[in-house]
Amino acid sequence: MIHIGTYVRLSILPYKIPQEEWKKVYYESLQLLNAYSFADVRDRTFCGTNVKAYVKSQEIREEAANHWNTCGDLESKKYGETFRLYNDIKMYQKSVPSLEDSNSCDILFNDQHIVYVFDNKTQGFPYHLYILAIAMLIESRFPKFVLVEGNIDEKQCLKAKQWADKYLSSPINLPVRVNRKALLSRLKDNSGELERVNFLEKWLIDDPENFFELIYKQFSKETFRQWFISKLNSYGSPSQIGAIKLLIYYLNNVKDLDTLLYTACKDTDGPKFSEEEMIKALAKTWVCLPRGEFSFLSVFNKVEGHPTIIEREFGMVVMDLKFSGREINTYILLNELSDQIARHFSISRASVESILKKENSNITKQLKEFNKLIGPVLTLSQNNSEEKMFLDDEDALLYFNADTILLTDDQEFLLESLAFSIHSFLKEYHELKEKVFGSLDKMKLILAKMVFEKSHLILTEEAWRWIDECDNKDIITTLLAKLLVDDFFEAKFKNNPSLLKGMFENKMLTVKITEYRNDSNVIQSMNEMLRNDL
């Protein structure tokens, strides 16, 4: 099954966990819940009406079973799917048959009696690490009956453990799925090397190249050879993305081009790739491409220990399709590579060099075009410092503070454009303005009802509080007019939920837009721009 998104999963064998022991761990989870700004959605009263609001997660006491929920965190104001934990193990037992007829009590070898406690998307938002810590707590207390999985890695888990251990009376362990030694200890002592490799491949969560290095360094040469050949044999062409990555990992770690050429093209057990296809595939590893040609791609390197947000996940798929060679760490001069290949293949050296040069030329052209396309991203990254930061639109609008987090020229223009739209709207629709923009209390009531009913937006309790307490009619006018503009017109702003969220969550942003719509110079400049466009 293919799962799209960034997940944290927690599965259990509920019939192997006693209720009293489960309750103890549940109470420990409450300690971690209270130690972080976890968010939940609850009903609150603001601006004279009931609203949905993100509030601090707390235990919910109900007749069926006490539990807690969380769907994000109040500090970052980023939200994914809802995670829930019950204090009663019976809530999980009722969905599966008992374990009485099972021969195995190890969750790694029993997929008939498991229940997913967590199987939700964090989308890589900050609460990912903290919900991971709670999942790790539960696995640590019931190691054979609980399994933590998902879009996680060892460094994420180390961070989560470091945080959780500060609040718990006894430390937690790393999940077995990121711990090679703990994982292998669950196998029988008499298992063979290939069996262990296959077991690790099924269960160990690791970076693909780290896993490649593990098999190469920790197992015999023959076991590595058999495993590597089986991987190559799963591809019909050496130019498929997965095959290119295998070649890259081999060149980075084994560094034996002669054996690689033999294994891929001549070994009777191997895939016997065609010589020309293999030459093209080697070029696509970028092994003979000077480092300077693609060093700018380092801005897209994964930050270790950080969960992958969904946009980056999709972005990396695209990067793999076009620029899979960015992971190469080995460099061979094109002339030397041509010499080595020609010694093994029947193709002439001149033809080998010609193929490599042609492939390099195409790759270099694509890289130059991409470098030009992402110029603004690179500029944004280069302009950041400890004193000032420029962020992407969503984060900039949410966290802008006019001090350390600033707006780019394009982001400033977005605010000016919105201010002009609001100014023009209020100027044109006199009757509506007189009807809707009356007393401050009436405006807030209309605003509160429109936020959820029309815009389907849930705000933090903090955001509702500043709006409820605001006595500046001009600022409330800006917020209400923004909602009305969105409701009246299919404007570009309506397709920018980050802007709407930023205005309500970040008062400073709305103050700035209000200043712009009252600034005659801004309005005049936008009018002139419109006349020039016409």
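Colleague: Which residues of helix α11 are buried?

Modeller: This is a predicted model, in which local features need pLDDT of at least 70, side-chain atom pairs count only at pLDDT 80 or more, and totals for chains, interfaces and linings use all residues. Residues are numbered from 1 along each chain as its sequence is written, and side-chain values use heavy atoms, leaving out hydrogens and water. Helix α11 spans residues 275-284; helices are DSSP runs of H or I with at least four residues, strands runs of E with at least two, numbered from the N terminus. Buried means under 20% relative accessible area, exposed over 50% and partly exposed in between, with a 1.4 Å probe and protein chains only; in α11 the buried residues are E275, M278, I279, A281, L282 and A283.

Colleague: Which residue just after α11 takes a positive phi?

Modeller: The phi angle in question is about 65°. The residue that takes this value just after α11 is W286.

Colleague: Why is the pair of Y36 and W163 edge-to-face?

Modeller: Rings of Phe, Tyr and Trp (its six-membered ring) pair if their centres lie within 6.5 Å; planes under 30 degrees apart count as stacked, over 60 as edge-to-face and the rest as tilted. The ring centres of Y36 and W163 are 6.3 Å apart, and the pair is edge-to-face because their planes stand at 80°.

Colleague: How many residues apart are Y36 and W163?

Modeller: Y36 lies in the loop between α1 and β2, while W163 belongs to helix α4. Both residues are buried. The pair links distant parts of the chain, and the separation in residues is 127.
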